[in-house]
Every structure is written in structure tokens, then in C-alpha cells.
Amino acid sequence: MADAHAPEPPKPLISAVQRLLKPLVRVLIAKGVGLPRLIELLKEIYVGVAEEEFPANGKKQTDSRISVLTGVHRKDVKRLRNIKNSDDPAPPRTIGLGPMVVARWVSSSATTDANGQPLPLPRQAESPGAPSFDALVASVSKDIRPRALLDEWVRLGVARLDAQGRVVLHRAAFVPEKGFDEKAFYLGRNIHDHLAAAGQNLLGTGNPLLERSVHYTGLSPESAKAVAEAAERLGMQSLLAVNRLALELAARDQGKSEASQRVNFGLYFYEAPSTLNGNHGDHSAK
């Protein structure tokens, strides 16, 4: 068990953890995941992190040491050390291929307009060499039928067919409007990466990572809407620019033995009633 005489953890950290857990617990309760299941998950994660990231300075990692580090009972530690869970689970089938297709769609001058926005694409090429949805999918993978991918995209709200039968991309990024499995996958990956970046910065390990936000209170609903619209417009410009650069570099790095890194650059926007009284609240960029 944990040392009863261990120093109290920093109060600002505990306050931060309480706050960040609230939206997660809201989702868990809504989906029927009770406290006992969460506690079992936390035990698994505590044991895994202690074993992998807190080595015993050249000595063999023991159940007793992990128990002391984590507060998890030694019997549970012994049981849980045999459980191997992947930090990067396989994405749903549509997500495995979808982002790559979208990335090519929004990065090519043949499939975007003068402002870099994705053009509607006919299902099949209207003339030899002309852009089409089927050709776009085939350029990424020939192992899946374009019609099957399109049906999934329509189901997820990623794309639609217009009156002319062309495929219209709803957003210049792969963001499913529907599909619980797909949205759950992005919840795990994106929040993991955001929290990992913030955690690295908080602990001071490694180089500081990009983790910035602009936050304001005391806005009217109309002003909040204007900020939301600007954030989406300007944010998408950033995403498109980073996507084009990453696609070019990925093509350049293909086949290199050292090409083993992954990156994730994201955006979020949140709006809620302010808990501060009056209009003189928190106005800052961080």
C-alpha cells in the first residue's frame, strides 16, 4: 500500500484533476460505466504506468515496489501486470482510411478551389485523368470499394451527395457527426494527446510542447457566436496548412528508417455559462 507518511499532493494539481474528470464522469455515467469499473480501469493504468515509466534504477521491478508507488494492493498488482493493453488501439475501419482520403482531397489543387476549400467531386471521372471520388479513394487504397467508403461517410455525416450526384465533403477535416465508435476513438486519441502535452509541460520533462488557448468571460451569446465562427474559420485555415505540410513531408520521408514519429495538431472550442459574477472576468491568452 502507499506510504501513509507520503507528502500531500499539490492542491492545485488535485483541483485541476477534479475539474478535468467532471466531463469524463458525465460521459461515463451517461453510458452506464459505474465507479467499480472505473476503479478497475484506474488500477490497470496505474500499474502499467508505474511498470513502464518508473523503472527501479537497474533493479528488477517488483510487485511490492509498484504497490508502494501506486497504492494498488500487491495482489492486484500481480494480477494486473499480466494484462497488456495497447495505448494506441486500432481505429474503426472507416477512420483507418478516411483521414488519408480527406488529407489528399484538401491538399491537391485539382480537388480544391482558389481558397483551398474541397470541391464537390463526381463519383467517377467525367473525362480521362479528371478528378473523381473513386479515383481519390483508389489513390490511397485499392483494397476498399469507393462506394463502401462513401456509404460509411454519408452514415457518419462526413459527406453527402448533392443534387448532381457529386460527393460533397462537409468539413475539410475528418470529423464524424455520427457513429459512436468513431467519436469514442477520437475522444481517446485527441484528449490523450492534449493531456499528454499539458502533462509534459507541467512536469517539465522534455522540450515544451505547443498547448495554448484563449479564454474570455463576460460575453453575450451573440459575441460568443461570433468568436465561435471566427475560431472555426481561422482554425480550419491552420489545420489545412499543417495538413498540406505534413502530407508533403510524409511523402518525402517514405521509406526512411527513422520515419517513426507521429504528430497530432488539433483544435477545440467550448462555450458555457460563466461561473463568475458580472462582466469583469477572465480575459487572457495562455
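This is a predicted model: local features need pLDDT of at least 70, side-chain atom pairs count only at pLDDT 80 or more; totals for chains, interfaces and linings use all residues.
Residues are numbered from 1 along each chain as its sequence is written, and side-chain values use heavy atoms, with hydrogens and water left out.

I begin with the interior. A nonpolar core here is a set of buried Ala, Val, Leu, Ile, Met, Phe, Trp, Tyr and Cys residues joined through side-chain atoms within 4.5 Å. Buried means under 20% relative accessible area, exposed over 50%, and partly exposed in between, with a 1.4 Å probe and protein chains only. The largest such core holds 23 residues, and those with the most contacts inside it are Trp105, Phe133, Leu149, Trp153 and Phe174. Two or more residues each come from α5 (93–105), α6 (133–140), α7 (146–156), β2 (167–169) and α8. These elements are DSSP runs numbered from the N terminus: helices (H or I) of at least four residues and strands (E) of at least two. Helix α5 gives the largest share of this core, five residues. A second, separate core has six residues, among them Val47, Ala50, Ile66 and Val77. As general background, nonpolar side chains tend to be buried together in soluble globular proteins.

What does Trp153 touch, leaving aside its neighbours within four places in sequence? With contact taken as heavy atoms within 4.5 Å, its partners are Gly98, Val101, Val102, Trp105, Phe133, Val158, Ala159, Leu169 and Phe174.

Aromatic pairs are rings of Phe, Tyr and Trp (its six-membered ring) whose centres lie within 6.5 Å; planes under 30 degrees apart count as stacked, over 60 as edge-to-face, and the rest as tilted. By this rule there are four pairs. One of them, Phe185 with Tyr186, is edge-to-face, at 5.5 Å centre to centre and 70° between the planes. Phe185 is buried at 12%, and Tyr186 is buried at 13%.

I turn now to charge. A salt bridge is a side-chain nitrogen of Lys or Arg within 4 Å of a carboxyl oxygen of Asp or Glu, and the whole structure contains 12. Asp76 pairs with Lys43, with the closest N and O atoms 3.1 Å apart. Asp76 is in helix α4 (residues 74–80) and Lys43 in helix α2 (residues 35–53), so this pair ties together parts 33 residues apart in sequence. Asp76 is buried at 18%, whereas Lys43 is partly exposed at 25%.

Asp134 and Arg123 form another bridge, at 3.7 Å. It joins helix α6 to the loop between α5 and α6, and so ties parts 11 residues apart in sequence. Asp134 is buried at 18%; Arg123 is partly exposed at 23%.

Arg262 meets Asp193 in a salt bridge of 2.8 Å, N to O. Because Arg262 lies in the loop between α9 (221–253) and β4 (284–285) and Asp193 in α8, the pair ties together parts 69 residues apart in sequence. Asp193 is buried at 15%.

Finally, Glu211 sits in the loop between α8 (180–203) and β3 (214–215), and is buried at 16%. Its side chain makes a polar contact with that of His194, at 2.9 Å. Such a contact is a pair of N or O atoms within 3.5 Å; within protein, one must be able to donate a hydrogen and the other to accept it, and residues adjacent in sequence count only if both atoms are side-chain atoms. Thank you.
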